[in-house]
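Please read this note beside the sequence and the model. It covers domains, their interface and aromatic rings.

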Amino acid sequence: MKMASHTGKSLSRAFHVAFKKSNHNHVKVKNICCIGAGYVGGPTMSVIAQKCPEIKVVVVDINQERIDAWNHEDLSQLPVYEPGLDKVVAQARGRNLFFSTDVNSAIEEADMVFISVNTPTKTYGEGKGMAADLKWVELCARQIAEASKSDKIVVEKSTLPVRTAQAVKDILHNTGNGLNFQILSNPEFLAEGTAIPDLENPDRVLIGGDDTPEGREAIQALVDVYGTWVPREKILTTNVWSSELSKLTANAFLAQRVSSINAISELCEATGADVEEVAKAIGTDSRIGSKFLKASVGFGGSCFQKDILNMVYICRNYQLNEVADYWEQVIKMNDHQKVRFAKKIIKNLYNTVSGKKIAFLGWAFKKDTNDTRESAAIYVADYLLSERANICVYDPKVPKEKVFTDLDYLNTRSSEENRKLVSVVNDPYEACKGAHAVAILTEWDEFKILNWEQINDLMLKPANLFDGRNILNSSEMSRLGFRFHAIGKADK
Ligand code: UDX
Ligand code: UDX
């Protein structure tokens, strides 16, 4: 598929030469490269490869360790834990799914390149703590420009601020040896923990592209990829900016629902109402809907906070201060919920946790993932550690070192101090042994079926149990002798 360079006039023709045409006179993608083998790139490409055996999919990453883990013979060692992912990888890996660190070769070979690198909130300079750091995306664009010898469709998979595609396009067109690059936005809506079913049966697939003949052709090429298994009516096509903004908006709305129900949870605790009863009552209204109404210790994950901060930053740039304030409140409410949970623990332990052992069940930001980014557990722990508590963590999927890296990253205290105050164990009963309090931070199913009577016996009395996810039955827990504290319910 090697091509000569083209002038602007022959772009459309060049595009046709570059890609093998299908019977329907469409550009047909044969080789996909995805830069970034993370929580999004890895599972998404695995499913594409599984569903489209005729397309060769190469997932590349600069992180050798991560790629080695993706190639590990033992599928329990994959770097991303997602139920069902191991089976998908087993089916496609080595057939038409490959993981590699050879970024340039994979780009060169591909007709379509996905950018799926991380875009964390900036930790320095202008927009610090608010704007997305697009350093990796820009580097990817430059690398694509350098490594390309033929025209490409470049697909933004990373969540990006509105108008990033323009910047990517600019870089590619100015450094890309006169090749034709079509930029598409194809935001990912999968939720971690349910990534495989979300990818196999998405509510919708969103593809944004230019409204030009070449743009429409590129959109169609990606529609055809998803169309292999997603019904056509679920594939929405828009302009690039609508697509970029839709992703931010979807996450902002979802996060807003969690903050809304969490706000009500505090009111429930004050008034004696039960947040689960309220959620059920309002959720049966079809205009409101029943999903995403679970009160919790606070939302986490790599997307919600980052995307809202991003949106707030963009709004401020356009001087839309009321809009910015409105969305910022979702984050403030979430921070408040985490602090409120920590304060509740302290208050119920006679206003001091200094030197006391507090067991943390769960560290991941939600169940069925080993991802801990922005997990509420980190912030609740940090608050309690500043009160000199001793924390013992058990999480079924999060490795010990990750807990320390998460705490060290906050820079609240030295790494040595974190290691002195925190321990991480492989057994929930060991975590709870001799504890003054147990706090549930993640809703892992296995926590529901622990032997809570035994845990009560192992703990110091009075045994305080704080259920940050409302997974346990309050009457049952108080019958077992716990002082039971749920979210959005009167204490038992
Ligand atoms: C995704 C989205 O892409 C991001 O925008 C969103 O905010 C979070 O979800 P995710 O897959 O979860 O990112 O991120 P991560 O698990 O950190 O994976 C990104 C990978 O890209 C890493 O493995 C990193 O090594 C790799 N990377 C980063 C590169 O290969 N090249 C780079 O230049 C930068
Ligand atoms: C989210 C979006 O759902 C997904 O579409 C997008 O692609 C990425 O961001 P994710 O962050 O992986 O997905 O998980 P999600 O299920 O949305 O949960 C986010 C956080 O909200 C978790 O901490 C979860 O525990 C919390 N949450 C969710 C609640 O506290 N209550 C709820 O009712 C729902």
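1. Basis. This is a predicted model: local features need pLDDT of at least 70, side-chain atom pairs count only at pLDDT 80 or more, and totals for chains, interfaces and linings use all residues. Residues are numbered from 1 along each chain as its sequence is written, and side-chain values use heavy atoms, with hydrogens and water left out.

2. Domains. The assignment gives domain 1 (31-230) and domain 2 (303-486). Such bounds come from an automatic or database domain assignment. Taken over C-alpha atoms, the centres of domain 1 and domain 2 are 33 Å apart.

3. Interface area. Domain 1 puts 23 residues in contact with 21 residues of domain 2 (heavy atoms within 4.5 Å). About 1,600 Å² is buried between domain 1 and domain 2, with 53% from carbon and sulfur atoms. Buried area here is the accessible area (1.4 Å probe) lost by two parts on being put together, summed over both. On the domain 1 side, Tyr81, Met130 and Glu192 lose the most area to domain 2, together 40% of what that side buries.

4. Salt bridge. The rule finds 1 salt bridge across the interface of domain 1 and domain 2 (a side-chain nitrogen of Lys or Arg within 4 Å of a carboxyl oxygen of Asp or Glu). Arg373 and Glu192 meet in a salt bridge, N to O 3.8 Å.

5. Charges over rings. The test asks for NZ of Lys or CZ of Arg within 6 Å of the ring centre and within 35 degrees of the ring normal. Lys397 lies over the face of Tyr81, 4.3 Å from the ring centre. The charged end of Lys135 sits over the ring of Trp136, at 4.9 Å from its centre.

6. Aromatic pairs. Rings of Phe, Tyr and Trp (its six-membered ring) pair if their centres lie within 6.5 Å; planes under 30 degrees apart are stacked, over 60 edge-to-face, the rest tilted. The count is 10 aromatic pairs. Tyr226 and Trp229 form a tilted pair, 5.7 Å centre to centre with 55 degrees between the planes. Phe253, Tyr326 and Trp327 form one aromatic cluster.

How values were computed: Chains lettered and ligands numbered in written order.
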